[in-house]
Protein chains: 2
Amino acid sequence: MKRQIGFIGLGIMGKPMARNLMKKGYSLKVYDIRNEPVEELVKEGAKRGYSPKDVASESEVVITMLPDSPQVKEVVLGKDGIIEGAKEGTILIDMSSIDPNVSKEIAEEVKKKGIIMFDAPVSGGEPKAIEGTLSIMVGGPEEKFEDIKEILTAMGSSVVYIGKVGSGNVVKLANQIIVALNIAAMSEAMVFAAKAGVDPEKVYQSIRGGLAGSAVLDAKFPMIVERNFKPGFRIELHIKDLKNALNMSHQVGVPLFLTTQVYEMMYLLKSKGKGGDDHGGLIKFYEELVGLEVKRQTY
Amino acid sequence: MKRQIGFIGLGIMGKPMARNLMKKGYSLKVYDIRNEPVEELVKEGAKRGYSPKDVASESEVVITMLPDSPQVKEVVLGKDGIIEGAKEGTILIDMSSIDPNVSKEIAEEVKKKGIIMFDAPVSGGEPKAIEGTLSIMVGGPEEKFEDIKEILTAMGSSVVYIGKVGSGNVVKLANQIIVALNIAAMSEAMVFAAKAGVDPEKVYQSIRGGLAGSAVLDAKFPMIVERNFKPGFRIELHIKDLKNALNMSHQVGVPLFLTTQVYEMMYLLKSKGKGGDDHGGLIKFYEELVGLEVKRQTY
């Protein structure tokens with residue numbers, strides 16, 4: 001018989017992930033601070049939870065998918081939190097993207113009650129959450145990994161065990177550092193070329209097959225020249241990830257010179273009201289400085 | 001009948017490029033400041049040139065493949081230079097990677113003598129120069145492009161017309177900006193992950209298929225974990241390209257915030273005697289700061 005799963009956090013990512021678990025035959029008890037997505041999933045067969053504590057009290061495995069570290073702390077350790085309802089031996093899988101240090105802290109705290117915690121952040125965004133093809137990077141006790149792998153496979157097509165708890169989020173942050181800097185690289189190069197009078201479309205066609213080629217270039221450049229900044233992945237979420245990366249980097253002592261600057265560029269765009277744009281909109285930082293848009297036009 | 005071609009600059013790139021032209025049946029007259037590669041090609045059937053002027057006086061098309069802007073200026077416009085020997089209607093194709101402004105300057109100068117100039121820098125490095133599969137980005141008079149396309153196709157598998165003279169080098173510099181920053185992105189992320197206790201190899205396996213994936217990651221990460229910094233493309237050559245990019249960016253007014261920093265990082269490595277390393281060796285800038293090497297090991 002499939003295990004009883006609790007699912008807390010039914011946002012853009014959490015709701016389709018919970019649905020994919022239900023499709024695979026898991027019984028879900030769900031909770032969110034907003035009533036609407038709970039109603040929706042209850043109609044589809046989920047059980048209504050009234051608090052994280054309530055959800056945890058009836059679940060063998062509890063999954064959380066929340067915005068950031070403070071929310072995870074609150075939902076797990078706060079009043080009416082998971083820790084108050086969970087029985088010894090409960091497995092907690094936090095799939096949020098948070099500060100790896102907070103993952104470790106929470107894991108230590110819940111361990112005192114016999115709760116086993118994994119951090120299992122995802123990448124791939126809403127479309128892959130819906131398809132159930134997320135990439136999932138897992139940190140936690142290796143001997144228990146096989147125990148949760150089947151559950152994670154309902155939501156992701158790549159499920160990789162990394163190391164001890166917190167390491168899933170370290171990988172996620174490394175991923176977000178590279179994505180942010182590759183977007184910045186494309187932005188600097190394309191604004192440079194356009195200002196020098198060269199059609200950026202020709203730049204793209206000439207270089208995409210070589211060493212400058214990247215997933216970022218192929219995914220974001222076509223959006224930029226079409227002036228399409230609909231997310232995708234929002235600048236304000238990338239800011240959150242980079243902030244967590246910088247927190248962690250300060251703790252372990254690695255100066256992230258370039259990440260810091262891209263963080264500041266994104267923050268400026270957010271303060272100008274563009275935080276809801278796709279992160280490809282980072283190019284506007286450069287465009288607005290030089291008074292030029294990288295788009296389809298005659299050069 | 002195939003045209004008589006002059007080839008000046010028989011270094012790591014120029015020599016195999018000249019050879020590929022000879023294989024396609026072109027008659028070559030060659031020149032280099034060093035005698036050795038000239039001897040070599042003369043044995044293979046090339047005619048010996050005694051100066052750029054001498055080469056130009058007997059060629060319909062003159063190709064130059066030189067280290068940087070000053071050498072191109074000297075060879076084209078200097079004493080015993082191409083301009084002294086070339087007849088009206090001669091086509092000059094400079095395949096060096098140089099400052100786009102210098103390309104424009106030289107083109108204007110030689111135009112006074114009726115010489116038509118293209119800038120046609122390449123990417124792909126020594127292996128692709130040998131195979132004849134370089135990517136070639138061409139700037140110059142569009143109406144004459146078809147005239148030289150066959151010649152360029154002997155050396156490259158991708159020959160793209162970009163725009164007016166200088167634009168080939170703008171694309172090349174955009175390419176080099178992206179490559180440098182993508183290497184820096186990988187370096188920052190991998191040193192961060194390793195210092196946080198995560199095996200970089202697992203980071204690579206988890207992220208390479210997603211939005212963080214890139215040609216740089218696939219080409220350079222395996223070299224880094226094997227501690228193989230044999231070029232490939234040398235840091236000191238990448239410094240030269242970034243310097244040309246910064247010159248050009250100052251002229252057109254685009255602040256290359258991140259490129260500037262990677263330029264400084266590379267310069268520091270060069271001043272420490274690592275200028276001959278592959279540009280993937282940029283990671284050492286971070287590694288040396290934090291006292292850690294990203295390599296295969298137990299984490």
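**Model and confidence**

The model is predicted. Chain A has a mean pLDDT of 96. In chain A, 99% of the residues reach 70 or more. For the complex, the predictor gives an ipTM of 0.94. The pTM is 0.95.

**Symmetry of the pair**

Chain B superposes on chain A by a rotation of 180 degrees, with 0.0 Å of shift along the axis. The RMSD of that superposition is 0.1 Å. The two copies are therefore related as by a two-fold rotation axis. Which residue of chain B comes closest to the rotation axis? That residue is Ser214(B), with its C-alpha at 1.9 Å.

The copies meet through the same surface, because 100% of the interface residues of chain B are also interface residues in chain A.

**The interface**

On the chain B side, 59 residues are in contact with 59 residues of chain A. Together the two chains bury about 5000 Å². Carbon and sulfur atoms account for 74% of that area. How many salt bridges are there between chain B and chain A? The count is zero. Polar contacts between chain B and chain A come to 13 residue pairs, both residues at pLDDT 80 or more.

Several elements of chain B give two or more residues to the side that touches chain A. They are strand S9 (156-163), H9, helix H10 (200-207), H11, H12, helix H13 (257-274) and helix H14 (283-290). H9(B) provides the largest share of this side, with 20 residues.

**Asn182(B), a buried residue in H9**

Asn182(B) sits in helix H9 of chain B, which spans residues 167-195. Is Asn182(B) buried or exposed? Its relative accessible area is 2%, so Asn182(B) is buried; the cut-off for buried is under 20%.

The contacts of Asn182(B) reach into both chains, leaving aside residues up to four places away in sequence. In chain A, Asn182(B) touches Asn182(A), Ala185(A), Ala212(A) and Ser214(A). In chain B, Asn182(B) touches Ser214(B) and Val216(B). One of these contacts, Ser214(B), is the residue of chain B that comes closest to the rotation axis.

**Backbone features**

Both chains carry a cis peptide bond from Pro231 to Gly232, with omega near 10 degrees in chain A and near 15 degrees in chain B. Where does Gly232(A) lie? Gly232(A) is in the loop between helix H11 (215-225) and helix H12 (235-252) of chain A. Gly232(B) lies in the loop between helix H11 (215-225) and helix H12 (235-252) of chain B.

Chain B also has positive phi values in residues other than glycine, including Asp80(B) and Arg227(B). The table sets out their phi values and accessibility.

| Residue | Phi | Relative accessible area |
|---|---|---|
| Asp80(B) | near 55 degrees | 31% |
| Arg227(B) | near 55 degrees | 23% |

Asp80(B) is placed in the loop between helix H4 (69-77) and helix H5 (82-85) of chain B. With a relative accessible area of 31%, Asp80(B) is partly exposed. Arg227(B) lies in the loop between H11 and H12 of chain B. Gly232(B), at the cis peptide bond from Pro231(B), is found in the loop between H11 and H12 of chain B too. Arg227(B) is partly exposed, at 23%.

Notes
Residues numbered from 1 in each chain as written. Chains lettered and ligands numbered in written order. Predicted model: local features only at pLDDT ≥ 70, side-chain atom pairs only at ≥ 80, totals over all residues. Heavy atoms only, no water. pLDDT = per-residue confidence, 0-100. Helix = DSSP H or I, 4+ residues; strand = E, 2+ residues; numbered from the N terminus. Buried < 20%, exposed > 50% of the residue type's maximum accessible area, 1.4 Å probe, protein only. Contact = heavy atoms within 4.5 Å. Least-squares fit on C-alpha atoms with pLDDT ≥ 70 in both. Buried area = accessible area lost by both parts, 1.4 Å probe. Salt bridge = Lys/Arg side-chain N within 4 Å of Asp/Glu carboxyl O. Polar contact = N/O pair within 3.5 Å; in protein donor to acceptor, adjacent residues only side chain to side chain.
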